[in-house]
Each structure stands twice: as C-alpha cells, then as structure tokens.
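Grab the model and work through these exercises one at a time. Try each task before you read its solution.

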Amino acid sequence: MDKFQQVCVEILEELKKNSIKTQHELTQTKLKILSKYKSKANLKQIPKNADIYLAASDNEREKFKELLSLKPVRTISGVAPIALMSEPYPCPHTMQGIGPCTYCPGGPGSAFGNVPQSYTGKEPSTRRAIRNSYDPYLIVFNRLEHYVAMGRVPDKAEIIIQGGTFTFFPKAYQEYFVKYALKAMNDFSRLFFSKDGNLDILKFKKFFELPRVLSEEDKRIKKTQQKLLYIKNLDLNNLKVKEKAEYLFFGDDVFIGDFFKINNVQNFNALRKIEYNNANEINVSEQNTKLSIIENSIQNPNTTSIKHIQQKLNNEDNKNITLKQMQKENETSFIRCVGLTIETKSDFGKLYHGNLMLELGCTRVEIGVQSIYDDVLEATSRGNTVNDNIESISILKDLGFKINAHYMPGLPLTTKEMDLHGLKQLFENPDYRPDMLKIYPCMVMEGTKLYEDWKAGKFTPLTTKEAAGIIAGAKQHVPKWCRIMRVQRDIPTFVTASGVDRTNLRQYVEKICIEKNIKCKCIRCREAGFFIKSNKKINFNNIQTTVTEYEASQGKEIFIAAEDLANDVLFGFCRLRFPSQFLRDEITKDSALIRELHVFSPSVQIGKKDEASFQHKGIGRSLLIKAEEIARQNGKDKMVILSGIGAREYFRKIGYELEGVYMVKDLQELNATFKNAQTLTIAGWLA
Ligand code: SF4
Ligand SMILES: [Zn+2]
C-alpha cells in the first residue's frame with residue numbers, strides 16, 4: 001500500500017473511532033493524519049472524499065456514505081448533469097464574415113489557443129474535454145467514473161452539449177457525438193452493473209485502478225483512456241466480444257497493467273480506423289446559408305478545424321454502430337440519458353435544425369437571445385435578429401422542446417434601464433417567455449472585438465455591483481413557471497480583462513434581494529431539494545395541485561405544479577402546451593404537448609425507493625394524469641410527450657408508445673387509470 005492510500009485508511013480508522021459529522025470536522029481529521037506523513041512521504045495533496053470512499057470496505061462505505069458524498073447540489077434536481085464540450089469549431093456567422101460575436105472569447109486559433117467557441121480552455125468542462133481529446137465517449141466515461149467514485153449512481157444522466165453552435169456542425173458529427181455519448185452510458189452499464197441493476201464496485205475499482213496511487217495518477221488516466229478507446233468501437237452487445245473485454249479487464253489472472261501486452265493480437269489503430277464513406281456534409285443549413293468555405297484559399301484556423309472534424313469522422317466513426325441502435329439500448333440501460341441539451345443561436349434553431357435535434361434525442365435547447373434590441377444585436381455582430389429569436393423560440397416550443405434562454409446584461413448600446421426592461425420583457429412578452437433563463441453579464445475578454453473597444457475607452461462593462469443590481473431587479477418579475485439557472489458564466493475571473501470580478505455574483509444578488517425584500521418566485525428558489533437540504537421537514541399532506549395558464553409564442557401554456565403553498569415549496573411540475581403550429585406528422589391539430597414533467601428530489605436510482613425522496617412516489621404520474629384531464633377538457637385527443645430517451649420506458653409503463661421521436665397516447669380511450677385518477681386524493685400520490 002502506498003503512503004497516500006495508507007493515509008486514507010487511517011482517516012477511515014479515525015472516522016470509526018470518533019463521531020465526525022461535518023465536512024469541517026472531516027477536513028480537520030484529514031489534516032491531522034496527513035501531518036504525520038508530510039515530512040517523510042512528501043504528500044502534497046489532501047485526500048479527496050472520493051479517495052477515502054474508494055479505500056473503504058463495503059461496510060465502511062455504507063456507514064460513511066453521507067459524510068463522504070460530495071456536491072449534493074449537483075444532483076439535487078434528481079438528475080446527474082454531464083457537460084460535454086464539442087471540438088473547437090467556428091460559428092456560422094463567422095464563416096459568413098459577420099461574426100464571431102464581439103464579446104465572445106475562444107474559437108479556433110483564438111487568443112486562448114485552439115479552444116471551443118465561447119470558452120477559454122480554463123473552465124472545468126473545457127479542461128476535461130481537452131484532457132479527453134474532445135472524445136464524447138471518453139468524457140462521458142470520465143464523468144460517470146467521478147459520480148460513482150463520489151458514491152452516486154448517476155442512473156439518470158442529462159447531457160449538456162456546449163461549445164458554440166452545435167447545429168452548425170456537420171450532421172454526421174452531431175450524430176457521431178451523441179451516438180458515442182450514449183454508447184458510453186450503455187457500455188458503462190454493461191461493464192459495471194449486475195443484471196439486477198446493482199453496481200459492482202470491485203469491477204469498477206479494478207477497471208479504473210482505484211483507489212489511485214497518487215504518484216501514478218497520470219499513468220492511470222492514460223491507461224484508462226487507452227482501455228476505453230479499445231472498447232469504444234466494440235459492440236459489447238455481442239456476447240463473445242463482451243466476454244473477451246470482461247476477461248481482459250476483470251479476469252483474475254490478468255493484471256490490468258499487462259492489458260496491452262496481452263492485447264497485442266489486436267491492432268488497436270486498425271480497429272479504430274473504420275471506413276467512413278459520407279465525408280462531404282459540411283453544409284447542413286436548410287436556408288442556403290452562403291458559406292464560403294473555400295478549401296484551397298489561405299489556410300486559416302477555421303477551415304483547418306472544419307477539415308479536422310472530417311478527418312475525425314473518417315478515422316473514428318464506426319458506421320456499423322448506429323445512433324438509433326444506441327438510443328434503443330439506452331432506453332433500458334442502467335445509466336439512462338433522461339435529457340439532452342443543445343446550445344445554438346436562433347438562426348440555427350429553426351425547423352430544419354429542430355428536426356435534426358429531435359432525431360438526436362434532444363429535449364432542451366439553449367438559445368442565445370442576449371438582447372431584445374435589434375441595434376444591440378447588430379452592434380455586437382450577433383448575426384441574427386430579434387425576429388430570429390422570436391421565431392426560433394416559437395418553432396422549438398411547438399416541437400416540444402424546453403427553452404433555456406440566455407440574456408446578456410451590459411452589452412454595448414444598452415443602459416441599465418434598457419436591461420431591466422429587457423429582462424422584464426422576457427417574462428411579460430408572450431413572444432419570449434422561456435422556461436429557463438441564464439443571465440450572463442457581458443465581460444471583456446482578450447482576443448475579442450470588445451476587448452479592443454474597451455482598451456480604446458469605447459466600452460465599459462458592468463461592475464459586479466451594477467450587474468447584481470440589474471439581476472436582483474429582474475428577480476422581482478420572475479414568474480413561478482421559469483427557472484433562473486445561472487447568473488454568471490463558469491469562466492474563472494482571472495481570464496477576464498474587465499467586468500464582473502467575483503465568482504459569487506449570485507450571493508451579491510441574494511444580498512440585494514434581502515435588503516430590498518425581493519422574493520424570487522422562480523422554480524430554482526422553490527424546489528423541494530433545497531428545502532430538504534436546509535433540514536426542513538416535508539409534510540406530504542400539504543401538497544396540492546395548482547394550474548397556471550399563460551400565453552406563450554402564440555400557443556397556450558399550462559403549468560401544472562405540485563406544491564406546498566403554505567411553505568412555498570415546489571415538488572414537481574408539468575409543462576402542458578397547446579401548440580400554435582403543427583410542424584410534424586406526430587403533432588396533429590388536436591394534440592397537446594408535454595414539454596416537461598419534473599419531480600424534484602436528490603437522485604434516487606431508477607426502480608429503487610428511498611425514504612428521503614419523493615421522486616418515485618407517484619407525483620410525476622399524478623401530474624401527468626392532471627395534464628391528460630386538462631387536455632381532454634380542451635378537446636384534445638392525443639398527448640404528445642418529448643421525453644428524454646432514457647425516460648421513454650417510464651412513459652411506456654403508463655400507456656404511452658413511441659411514435660417517431662415522441663411518446664404518444666390516444667386520449668380518446670378513457671381507461672381505468674384515468675377514471676381512478678378522478679378520485680385520487682393527495683395521499684394517493686404516496687401510494
Ligand atoms: S453565437 Fe455564441 S458561440 Fe457563436 S460567436 Fe456568438 S456568442 Fe460565441
Ligand atoms: Zn429564483
């Protein structure tokens with residue numbers, strides 16, 4: 001046992017002897033043990049909770065699960081997020097000679113190097129992507145490894161694709177990217193879960209060589225990546241292939257360190273280099289975007305990055321493994337993709353792109369609205385208009401997507417009053433009314449056009465205080481059906497030249513809200529997971545169903561919530577929509593859409609129950625029944641749900657079936673479930 005592992009074991013001994021309850025006490029214990037070794041063993045790193053967790057025996061793991069688990073806030077909504085960064089690639093308006101947006105950092109050949117557009121290479125998710133060569137298979141495995149190492153079973157995962165305008169990538173790349181992300185979830189499930197759905201921690205530890213030996217960490221990461229690249233293009237559905245992989249990775253007489261010696265028979269590179277015939281798919285736009293990608297003109301970082309994507313597809317995409325196949329498998333896999341988010345700009349978020357995203361299994365679209373003023377959009381080289389924003393939001397809602405809008409206070413030509421009005425409009429003007437909102441104050445970053453303007457004294461960004469004031473002001477207008485997701489970019493302040501200079505802007509906003517007695521009614525501020533975290537007791541008898549109707553993008557939205565009004569706590573909600581346009585065959589004029597059905601709680605594994613959780617106590621189902629009832633009362637005869645691929649099984653069990661990309665149900669057949677539901681009491685939810 002190396003010294004680092006020895007320290008972990010001693011910390012465990014200490015935990016057994018003393019009653020340690022808080023993270024602070026745990027840190028003190030770690031430091032105490034570490035101080036014994038420091039001078040002798042040159043141990044520079046304090047063991048993470050995950051290191052101790054993995055060094056523990058089964059009993060110890062069970063006993064100290066709570067104490068050693070980290071970051072509950074990450075999965076408090078019941079879903080484990082996995083941010084997945086795509087390769088550096090230009091945005092469409094850059095190729096049209098308009099962009100990039102004047103404030104946007106990064107991109108191919110940027111001041112921060114060759115990094116994804118809109119990122120600096122320093123954010124945690126970009127760093128992880130770089131470490132994993134932007135390979136979706138490696139990144140997802142890496143995230144799943146971390147979740148499990150922290151004592152969580154991330155069986156309901158949500159993929160969030162970041163890094164510019166994803167719908168501008170070649171269609172083949174979009175499919176490649178999602179396909180391998182899903183394959184990672186499917187393969188992870190096959191390798192480390194038993195048939196009855198229990199995680200095999202021994203296999204997990206053996207594969208990832210955990211607990212780690214600190215001095216060998218780089219080697220361990222490399223070896224893990226090589227193992228994963230070996231199985232990336234293998235079909236683990238094939239029993240023989242799976243047996244071989246299992247023998248290599250877990251066989252008693254095989255040392256993982258010898259893996260590559262044993263595996264010499266396989267030519268690894270040949271295995272990965274799969275013929276890819278469809279190499280000419282750069283132009284994906286329906287609207288004849290006049291892209292002048294003239295390959296033989298001067299090489300620039302943008303054209304190089306486009307070529308690189310084609311090469312990647314040629315070398316790494318196994319066409320024998322299809323996206324459809326991976327989606328089908330994921331429906332019943334142990335790790336399921338219950339949500340897929342894609343970031344795009346609004347002129348690349350129209351019907352053509354919406355249909356593409358539906359085929360990928362996308363359920364939520366993040367749209368950079370940024371401003372409600374056309375002159376501001378133009379002055380910042382946004383490459384799209386206010387009309388594009390409004391049209392895209394309407395189309396995507398009518399396709400069933402959830403909309404997460406981004407708004408950027410402090411842009412050029414925008415006063416504080418204009419921002420307050422702009423943010424208010426997002427909630428009050430039916431043309432916007434997004435389901436979620438990220439507010440990112442404009443910051444100045446090197447390499448951007450705005451940086452030049454700032455240096456020349458032509459632009460001054462908002463200070464932390466000003467930004468907090470605007471956001472707090474906007475909070476008083478947030479309706480109960482919207483969720484404020486973030487108020488700040490995940491960019492370290494040391495890479496920004498000017499602008500908000502604190503990473504805890506949310507706390508500044510909260511302080512102003514308290515001072516001015518502003519109470520945010522947004523979903524995030526009211527969801528039950530946070531209520532439990534503050535050690536408050538839930539009384540299930542207080543839960544009632546409320547229905548809020550509002551107009552949005554020419555359609556009608558009905559927000560059905562399960563909430564405790566007395567304590568102002570939200571347990572779950574359903575977004576029912578009567579669309580304004582019928583853009584696909586599955587959506588008839590008498591269809592109602594469900595764009596979201598969400599029950600809050602700390603994560604609970606699918607099929608398992610947990611006393612602290614209410615996610616599987618029937619709240620979701622009751623909300624759905626209510627939605628069906630409202631749809632019928634309004635003369636709708638078909639319910640169409642845009643469900644995450646991994647949630648399809650849930651809907652199948654309650655009478656829905658797959659039609660195209662949606663889960664649908666004929667509402668004309670009045671079934672027993674529905675009749676019974678009429679008499680459902682609140683207590684019935686818990687049954
Ligand atoms: S569209 Fe988004 S990612 Fe592209 S340049 Fe503009 S801000 Fe950056
Ligand atoms: Zn809020």
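**Exercise 1.** Show why α22 and α23 count as oblique to each other.

*Solution.* Before starting: this is a predicted model, in which local features need pLDDT of at least 70 and side-chain atom pairs count only at pLDDT 80 or more, while totals for chains, interfaces and linings use all residues. Residues are numbered from 1 along each chain as its sequence is written, and chains are lettered from A and ligands numbered from 1 in the order in which they are written.

Step 1: get the geometry. The axes of α22 and α23 come within 8 Å and cross at roughly 60 degrees. Axes here are lines fitted to C-alpha atoms, for helices over the stretch in contact, with angles from 0 to 180 degrees between N-to-C directions.

Step 2: classify the angle. Under 35 degrees is roughly parallel, over 145 roughly antiparallel, 65 to 115 roughly perpendicular, and the rest oblique. So α22 and α23 come out oblique.

Step 3: find who touches. On the α22 side you'll see Thr-464, Ala-467, Ala-468, Gly-469, Ile-471, Ala-472 and Lys-475, and facing them are Leu-505, Tyr-508, Val-509, Ile-512 and Cys-513 of α23. Contact means C-beta atoms, placed from the backbone, within 7 Å.

**Exercise 2.** Check the length of α22, then say what covers its buried residues.

*Solution.* Step 1: α22 runs over residues 464–475, so its 12 residues at 1.5 Å each should span 16 Å. The expected span is 1.5 Å times one less than the number of residues. The end C-alpha atoms are 16 Å apart, so the two agree.

Step 1: nine of the 12 residues are buried. Buried means 20 or more other C-beta atoms within 10 Å of a residue's own; 12 or fewer is exposed, and in between is partly exposed, with C-beta atoms placed from the backbone. Among the buried ones are Ile-470, Gly-473 and Ala-474.

Step 2: the cover includes α20 (416–428), β8 (436–439) and α23 (505–515).

**Exercise 3.** Trace the antiparallel pairings from β12 to β13, on to β14, and then to β15.

*Solution.* Strands pair if DSSP finds at least two bridges between them; strands are DSSP runs (E, at least two residues), helices are H or I runs of at least four, and both are numbered from the N terminus.

Step 1: β12 (residues 544–552) and β13 are antiparallel over nine bridges, with Thr-548 opposite Phe-559. Two residues separate the strands of this hairpin, and Ser-553 in the turn has a positive phi of about 45 degrees.

Step 2: β13 (residues 555–564) pairs with β14 over nine bridges. Ala-561 has Phe-573 as its partner. This hairpin has four residues between the strands, and Asp-568 takes a positive phi near 60 degrees.

Step 3: six bridges join β14 to β15 (residues 591–599), where Leu-576 meets Ile-594. As for burial, 10 of the 10 residues of β14 (569–578) are buried.

**Exercise 4.** In what order do the strands of the seven-stranded open sheet run, and why do β1 and β10 each have a side without a neighbour?

*Solution.* Step 1: read off the order β1-β4-β5-β6-β7-β8-β10, with parallel pairing.

Step 1: β1 (80–85) and β10 (483–486) are the edge strands with a single partner each, so one side of each lacks a neighbour in the sheet. From strand to strand, the twist averages 25 degrees.

Step 2: zoom in on β5 (residues 336–344) and β6 (residues 364–370), which share four bridges. Thr-341 is partnered there with Arg-364. Helix α19 (residues 386–398) packs on the sheet, touching β6 and β7 (402–407), and makes about 165 degrees with the direction of β6.

**Exercise 5.** Is Ser-333 buried or exposed, and which residues does Ser-333 contact beyond four places in sequence?

*Solution.* Step 1: Ser-333 sits in the loop between α16 (323–331) and β5.

Step 1: with 22 other C-beta atoms within 10 Å, Ser-333 is buried.

Step 2: setting aside neighbours within four places, Ser-333 contacts Met-185, Asn-186 and Ser-189. Asn-186 is 147 residues away in sequence, yet 5.8 Å away C-alpha to C-alpha.

Notes
Contact = placed C-beta atoms within 7 Å.
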